[in-house]
Amino acid sequence: MSTRTADEIRADRTAALGRALTALLAVTAYALAWIVKRSWRRLLPVYWVAAELALAWVAGPLGLSWQSVGIVALAIAATAAGWRARSRTVRLWRAAIAVVLGGYAVVTVAAGGADAMAAHPALTIAVPALLGAVLGWPWWHHLRHRAPEQAPAPVLVPAPADVLDPLTAHWQRRWEHEVIAAKVCEGTNLVQAVEPRPFVTEALVRLTPGTKPGPLFKSGPDVEVALDLNEGAVGWRSTGKRAWVRVIMVERSYIADGVPWTGPTYAGGRLELARFTDGSPGHWVVSRPGAGVVGGLVVGSIGTGKSRALGALIANLLDAGIQIAVGDPQNGQSLPAWKDAVEYHSGAEKTALLVRRVHAETMRRSKLLADAGVDNFDENDPRVKALGLRIFGVIVDECQLVLIPNTPIVALAEQAAETMRKTGVFLILATQLPQMRSLGGSIRLRDALVSGNALVLRLSNRGSGSTILPDDFVGDPFALQPEIDGKTTAGMGYLRTGVRVGMLARVPHLDEAAAAAAAPRIPVRWSVPEIDPTSKIVLLGQRSPDTKATAASGVGSAVDKLRAAFGAGRKASTTVVEQVAPATPAEWVLACLRRGPASAQALLDRPDCPVEQSQLYALLGRLKDSGRITPPAQRGGPFTIAG
């Protein structure tokens, strides 16, 4: 029997320990790899516990006291509580984990740090590991990854099939060789084509990175030329996904011979006011679920079917039980068939009073609904029914005769249009002239109306100044002719609502007298009295003129009366000099130019301009030839007084 020395025994034991540690390390690495492969989330409790053990272990060599470790633990807990998370519960749970493990680190350091961990491994190592696993598992699986409540299903555009059908292949070739080759719709690829109706093709177009859909929507006329299609035969539709849009191509229009009237179509807060060239309905939106009511704007030159469109709109609204009031500044010449069917206000003065009363009605409803706790108007809400409020629409035809620029009534119309959505009152304005002056020069009023609906029929005059059309309007109503192939285009234009853009539509033929006779009579129930014609216009947030006059006169108190009796504080009278208006248009132009240089457009946009556009240009020419004014250096520049 051989005898081994103590050194040999220690060497053998060290070698055996090394082999055991190597095997343990290999098994641990394999287990960790398997866990990571299966679910890396299970390692998170190990990370938290490892951080606590490392903090307790290095506190001794680094010379950290238990107070310093406590400060570090509190900082970690504060960070965990304040860091952005899915909810407040997640942050609190995260802070609780940091407090528990941080507290164990403080206790371990206070008990001796590494020495305490070596002497009592069960308390200083096993217990924190158990707590980390218990606290970490529910936090990760039940708090961070709980399913969202009632998450809406994503709307996805179905990907085209790999195998192309003959229709798609046909339109792919035409799109590539006739459209893209003509430098139209560059950056697009046609990937799918279907034929929902005879002579109508809907194609799904994919946009390459960097291609914007906005300019694409305005390329309808160019696509029509490239494909040799009729005017208004191409339209665009958004799919809700930026990289995909649909293009509609019509080879035979459904509106060329007119659209027959088949009766009211109001349903679900919208009605069919027009029919697009591909045969699909064009809806006018009256109300949106949870968003209140919206108004609109109708524009069209003389003889374009504007009255027919308003008649179809009124017939649908009355059939839906909606209260309607009509304002006609032309003394009964606008919408004469509907005088006995709706509340009719004839004349410019009565129409102006109607606008003022609508403003008062909107403000009154806003206060009533706010006091009742109603955020958005819903006619079926029991609180709204208890107040006796119903949807109320106001239509003002030839609004340019009432909305005079730089007058208080324009500000009233602005406030009514901007606040009507939640009160159940909507305003619809109609005009012949596509100028901002038709709306009193108010861009805010235009934007408030066209954000709901905009029907733009054929326009014959672009007018002067800024246009009434929306900035993102798609279509060219100025290019429409009075007749196409011997058929009138009355009622034909562009309806801007929803996701349909850039396609012609047509209002159905309507016998207004017969429709008005068959329409139900819906009396209007106002919540405010009639407006006194002699009263002053007071805007919301301003003091009444009578109140201002009383405050200025100083008769509101006994002291003021006493001072007035003895003449104290009496101011000297001020002489009022009456300003005489220029007698002739030439003197008016010269008076304007004496105040400062002005262009012809600036003179024409003034509300007191006494002449029309052609007369103003002729007058400026005569003044220039006589040497009284100096023409501009470039076209469109300002005129100045000569000398």
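Helices here are DSSP runs of H or I with at least four residues, strands are E runs of at least two, and both are numbered from the N terminus. By that count, the protein has 20 helices and 22 strands. The model is a predicted one, where local features need pLDDT of at least 70, side-chain atom pairs count only at pLDDT 80 or more, and totals for chains, interfaces and linings use all residues. Residues are numbered from 1 along each chain as its sequence is written, and side-chain values use heavy atoms, with hydrogens and water left out.

**Exercise 1. Find the buried residues of helix α18 and say what covers them.**

Step 1: Buried means under 20% relative accessible area, exposed over 50%, and partly exposed in between (1.4 Å probe, protein chains only).

Step 2: go through the helix. In α18 (residues 585-595), the buried ones are A586, W588, V589, L590, C592 and L593.

Step 3: look for the cover, counting a contact as heavy atoms within 4.5 Å. The cover includes β20 (598-599), α19 (600-605), α20 (613-625), β21 (629-630) and β22 (638-641).

Step 4: check what comes after the helix. G596 follows α18, and its phi is positive, near 160 degrees.

**Exercise 2. Work out how the rings of F217 and W236 are arranged, then do the pair F392 and W526.**

Step 1: set the rule. Rings of Phe, Tyr and Trp (its six-membered ring) pair if their centres lie within 6.5 Å; planes under 30 degrees apart are stacked, over 60 edge-to-face, and the rest tilted. This rule gives three aromatic pairs.

Step 2: take F217 and W236. Their ring centres are 6.4 Å apart with the planes at 50 degrees, so this pair is tilted. F217 sits in helix α8 (residues 213-217) and W236 in strand β3 (residues 234-238), so the pair ties together parts 19 residues apart in sequence. Both F217 and W236 are buried.

Step 3: now F392 and W526. This aromatic pair is edge-to-face, at 4.9 Å centre to centre and 85 degrees between the planes. F392 belongs to strand β12 (residues 392-396) and W526 to the loop between α15 (512-518) and α16 (545-553), so the pair ties together parts 134 residues apart in sequence. F392 is buried at 1% relative accessible area, and W526 also counts as buried, at 18%.

Step 4: look at what else W526 does. A charge sits over a ring if NZ of Lys or CZ of Arg is within 6 Å of the ring centre and within 35 degrees of the ring normal. The charged end of R357 sits over the ring of W526, 4.1 Å from its centre.
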